[in-house]
Amino acid sequence: MPTIVTHAAVPLCLGLGLGSKVIPRGLLLAGMGLAMLPDADVLAFKFGVAYGDVLGHRGFTHSLLFAFVVPLLVAWLGHKRFKASLTRCWAFLTLSLLSHSLLDSITTGGKGVGWLWPWSDERFFAPWQVIKVAPFALSRYTTPYGHQVILSELMWVWLPGVVVMGLLWWRRR
């Protein structure tokens, strides 16, 4: 998995690039929150749930069903507060949440992503895996491997995100 902060990069860069008239601040923050939400599944480790279990890491919280239903609920409950249409809220929140499992699928480790739950327990990786898988322990980020993780996230997520943000911003001007 990329680091939790890097999961917020996709909605952050898209939202800032599109501007606050298209993606109001509350919607942007909700998108960032939803982009990080699937990794709440690591709490299952504390309850003895195995990594490869459907309730384990990269299981149902990384599924396409989760990525379409949760944003629908959040958009339905919050679109007036977000000051955006239900459709815009759902689209932005869905893209934000989907970005999480997509980024996880292009990491170099783990057991894959449970995209097809509940129809299948199979885990998937994208054919192109370039982001170094992030360690669970914060102390590992001070090691040479931790530095490689940070550099790979900067190169494969943050740099393209900033480029897209800049292009969207330039197009608005």
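The axes of α2 and α5 come within 8 Å and cross at roughly 140°. This is a predicted model, where local features need pLDDT of at least 70 and side-chain atom pairs count only at pLDDT 80 or more, while totals for chains, interfaces and linings use all residues. Residues are numbered from 1 along each chain as its sequence is written, and side-chain values use heavy atoms, leaving out hydrogens and water.

Q: Which residues of α2 and α5 make the contact?
A: Contact means heavy atoms within 4.5 Å. Val10, Pro11, Leu14 and Gly15 of α2 touch Phe92, Leu95, Ser96, Ser99 and Leu103 of α5.

Q: How are α2 and α3 oriented to each other?
A: Their axes come within 8 Å and cross at roughly 160°, so α2 and α3 are roughly antiparallel. On the α2 side, Pro11, Leu12, Gly15 and Leu16 meet Leu28, Gly31, Met32 and Ala35 in α3.

Q: Is Asp104 buried or exposed?
A: Buried means under 20% relative accessible area, exposed over 50%, partly exposed in between (1.4 Å probe, protein chains only). Asp104, in helix α5 (residues 86–105), counts as buried because its relative accessibility is 0%.

Terms used
Axes are lines fitted to C-alpha atoms, for helices over the stretch in contact, and angles run from 0 to 180 degrees between N-to-C directions. Helices (H or I, at least four residues) and strands (E, at least two) are DSSP runs, numbered from the N terminus. Angles under 35 degrees count as roughly parallel, over 145 as roughly antiparallel, 65 to 115 as roughly perpendicular and the rest as oblique.
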